[in-house]
Structures are given as C-alpha cells and as structure tokens.
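Here is a short briefing for someone meeting this structure for the first time.

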Amino acid sequence: MRGSLTDDDLMGWLRETDAARLAQLWTLADETRRTHVGDDVHLRGLIEVSNHCTRQCGYCGLRGENRGLTRYRMSADEVLEAARQAYACGYGTVVMQAGEDPALTGAWVADVVMRIKRETGLAVTLSLGERDRDDLRAWREAGADRYLLRFETSDRKLFQFIHPGRRGQPSDRLALLREIQGLGYETGSGIMMGVPGQTYASVLEDLRVFRDYDFDMIGIGPFIPHPDTPLGGREVPRAAADEQVPNSELMVYKAMALTRLLCPDVNMPSTSALATINRRDGREQGLQRGANVVMPNLTPVPYRRLYAIYPDKACINESATTCHGCLNRRLLNIGRRPGRGPGGRHVRGVERGVRRPVATVRGA
Ligand code: SAH
C-alpha cells in the first residue's frame, strides 16, 4: 500500500472517522514498524538544559515575553550527571534540549558534548533551536550525532505567524534542516498537530515533506494550548470549521501511522505531549501506531516543572529510576522491549551515522 498512497488516499485517511477502517490503518502501521525497525523501543534520555529563550513563539510557554516563568540554566556538571543516569538506566542516547538561549555558547555546548562522549560514549542529540552554522559545525565536530528541529507546519504563512523571525527575517527551518543534514547529523524534524489555523491540506503537505526530505527521525505531537501564550487564548483565529485539524489524540495517531507508511525506516517517538493528553496509555497507543522511540525525562526534578512548553506535562515529579521502572513495565505489557545501543537509523541494514562520518564533514 505504501507505494500506492496517493494524495487522495492520504487525505482520505486524515479525514477518516470510521473505527473499523482506522483499525486497519493502525494494523498496517504497526506491521510496517515491526518489519522495518523491529520491536525494540529506543530510549533517549531527555535533558532540558535551559528554559531561557530569546524567541517569541506563539505556542510555547518558554517564549521570552512570558515574564511569569522562573528561568533556569543547568550547569555542565548537572548535565553530565544526568548523562550518567542515562547510562546507568541503559539508555543509548541523551538529548540536550533548550529554548533558544545564546548563553549556551558554541564553546560551552561543544565542551559538554565532548565530556558526555568521553565519559559515557552515549549518542548525543541536540535540540537547541535555530543556531548559526558555525555552532552547528563545531558541535558536530565535538561529536554530536543528531539534531532535532521541527518545522512545526509546512504552511509558511501560519509558521511565520506562530513563530516570528529574528530581526524581522522569517525563519526557514527547512533550509536549515538541509544544512544540518549536510553537516552529517542524523536529522530529526516534525510537527505539532492541531495548531489554530492549521488545515488538513497543510498536514497533507507536511506528510509530503516528511517523505521528500528523508529525515532520520520524525516527531508528531498534539498542540497543547498554554494559557500564558498568544495561541493559548480563546480569541485565536482558526481555519474554517471543515478545514481546521483538531489537536486530538486521534488526529495525532493518524498522522503517525501515515508517516510510518511513507517513511518505513524512520525513528519515531511516541511523544511526551501525547502521553500528556492521554496519561493512561497514550504512550503505548503511539507505540502501537507507528512509533519506536520514547524519550524519558532526565531533567533534575526541580527544573522539570519550569520547562513548561505546555501546561500539565506528564511525569513531572518522577525520578529517573521511577520513570525507568514504569516505562519498562509499560513496554513489556505491549510485548515490546527496550533497545540496546545508540539506536540510530538503519537504511537497508546500514547504520546511517556510519555512512556520513565526521571526517567527511571536516573535509567538506
Ligand atoms: N527551542 C527548541 C526546542 C523547542 S521545544 C526548538 O525550537 O526547536 C520542542 C518542541 O516542543 C517544539 O519544536 C514544538 O513542536 C513543541 N511544543 C512547543 N510548545 C508546544 C505546545 N504548546 N504544545 C505542544 N507542543 C509544543
């Protein structure tokens, strides 16, 4: 079916409401996931390094103008300690994520990456927003393996509205993602689902972008309104009733399942935002509808509450060890197992990172 998925088919699925037909989509996505990436669930320990942000994204609680938020920035030693916990829990990767914070300088991040690699040997993913090419290159040379940057929506007008550019220059995240790919990073992107103004047609285009950009990782989560942001208010403009995609759990599952069919060997998280809107078993259902990755939170507990990109985040008070136990049980319950090793993307049996070694990047 994958090869034969036309735009009409994709749109039909995005708008599908019949439970029996949707059950077929879930089965197909789950089978495709099993065939191409297996039953291993790769665990990426998430370290939310800083909640300082110079941007003004309309959707995100970390936006600079949100004065109600207490700001924090982890020290290098705190990040290292979290990475050691990831290692102790058997995770293969740590993800350093933050708001766009210039105090996380090129040199500071490079040094932390080197220390993590030297001490733990873990794969390191960075998700630090739109940074200069020089920083991105330096971090890659310091040993960073992957970079995550969602393009959020392919609707350029909507993106510019919800994500104002720097110094009046609109952001072009897709162009930046191409650069990131060119530097030899395994590259991840993704979208939010159900942003006010986001149409079915634009989600269809998002799926086409996923297919055409050959991303190594794709994350899709529900938009969760934050009351202290412009998009969290009641008076936010929405698309026409029939065109607006809902920010529902079901809509997220549909996009995840279709993404698995279009990009069978991609690494796809069952996101924390999904686990937040269905705390009981959103995580598991995501893993049964295309996903093969989970990102347990390793941020020190006192900081976690402050990394408030959206409200009421799940698992905010659990220690790393509690999370670890809970997650293992949840995986076993659905017949899956934690992955071993870095869990990079394999394309036809070959690990992606091996095809694009750092040495080539340096020479480029
Ligand atoms: N500063 C980095 C990391 C941002 S947080 C960057 O911009 O890439 C990571 C992701 O959280 C964002 O890309 C966005 O897709 C998601 N996010 C932010 N606010 C959200 C909200 N209110 N609801 C759901 N997801 C949100």
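A residue counts as buried when its relative accessible area is under 20%. By that cut-off L104 is buried, because its relative accessible area is 2%. The model is predicted.

**Confidence**
- The protein chain has an average pLDDT of 94. At least 70 is the score of 96% of the residues.

**The ligand**
- The ligand is surrounded by 17 residues. The closest are Y59, A98, R150, E152 and I224.
- I309 has a polar backbone atom 3.5 Å from a nitrogen atom of the ligand.
- On its own the ligand would expose 550 Å². The protein buries 92% of that.

- L104 sits in the loop between strand 2 (93-98) and helix 4 (106-120).
- Its contacts, leaving aside neighbours within four places in sequence, are V49, S50, R73, A98, V109, L128 and R131. A98 is also one of the residues closest to the ligand.
- L104 and H52 are 52 residues apart in sequence. In space their C-alpha atoms are 9.6 Å apart.

**L298, another buried loop residue**
- L298 belongs to the loop between strand 7 (293-294) and helix 12 (301-304).
- Its relative accessible area is 3%, so L298 is buried.
- Which residues touch L298, leaving aside its neighbours within four places in sequence? They are G45, L46, I47, A82, Q85, A86, Y91 and A320.
- R44 is 254 residues away from L298 in sequence. From C-alpha to C-alpha, the two are 9.4 Å apart in space.

**Helix 1**
- Helix 1 covers residues 7-14, and its buried residues are L10, W13 and L14.
- Seen down the helix axis, these buried residues fall within an arc of 100°, so they line one face of helix 1.
- They pack against helix 2 (19-37), helix 8 and helix 9 (249-262).

**Helix 7**
- Helix 7 runs over residues 173-182. Its buried residues are R173, L174, L176, L177, I180 and Q181.
- Why do the buried residues of helix 7 line one face? Seen down the axis, they fall within an arc of 155°, so they share one face of the helix.
- Helices 5 (133-142), 6 (156-162) and 8 (200-213) are among the elements that cover these buried residues. Strand 4 (146-148) and strand 5 (186-193) are also included in the cover.
- Just after helix 7 comes G184, with a positive phi of about 90°.

**R133 and its partner E179**
- R133 is in helix 5. With a relative accessible area of 38%, R133 is partly exposed.
- Leaving aside neighbours within four places in sequence, R133 is in contact with E179 and L183.
- The side chains of R133 and E179 make a polar contact at 2.9 Å.
- In sequence R133 and E179 are 46 residues apart. Their C-alpha atoms are 7.9 Å apart in space.

- D214 is not a glycine, yet it has a positive phi of about 55°. D214 lies in the loop between helix 8 and strand 6 (217-222).
- Is D214 buried or partly exposed? D214 is partly exposed, with a relative accessible area of 34%.
- C315 is not a glycine either, and its phi is positive at about 55°. The loop between helix 12 and helix 13 (320-333) holds C315.
- C315 is partly exposed as well, at a relative accessible area of 35%.

Key
Residues are numbered from 1 along each chain as its sequence is written. This is a predicted model: local features need pLDDT of at least 70, side-chain atom pairs count only at pLDDT 80 or more; totals for chains, interfaces and linings use all residues. Side-chain values use heavy atoms; hydrogens and water are left out. pLDDT is the predictor's confidence in each residue, from 0 to 100. Buried means under 20% relative accessible area, exposed over 50%, partly exposed in between (1.4 Å probe, protein chains only). Helices (H or I, at least four residues) and strands (E, at least two) are DSSP runs, numbered from the N terminus. The arc is that of the directions from the helix axis to the C-beta atoms. Contact means heavy atoms within 4.5 Å. A residue is near a molecule or strand if one of its heavy atoms lies within 4 Å of it. A polar contact is a pair of N or O atoms within 3.5 Å; within protein, one must be able to donate a hydrogen and the other to accept it, and residues adjacent in sequence count only if both atoms are side-chain atoms. Accessible areas come from the Shrake-Rupley method with a 1.4 Å probe; for residues, only the protein chains shown count as cover.
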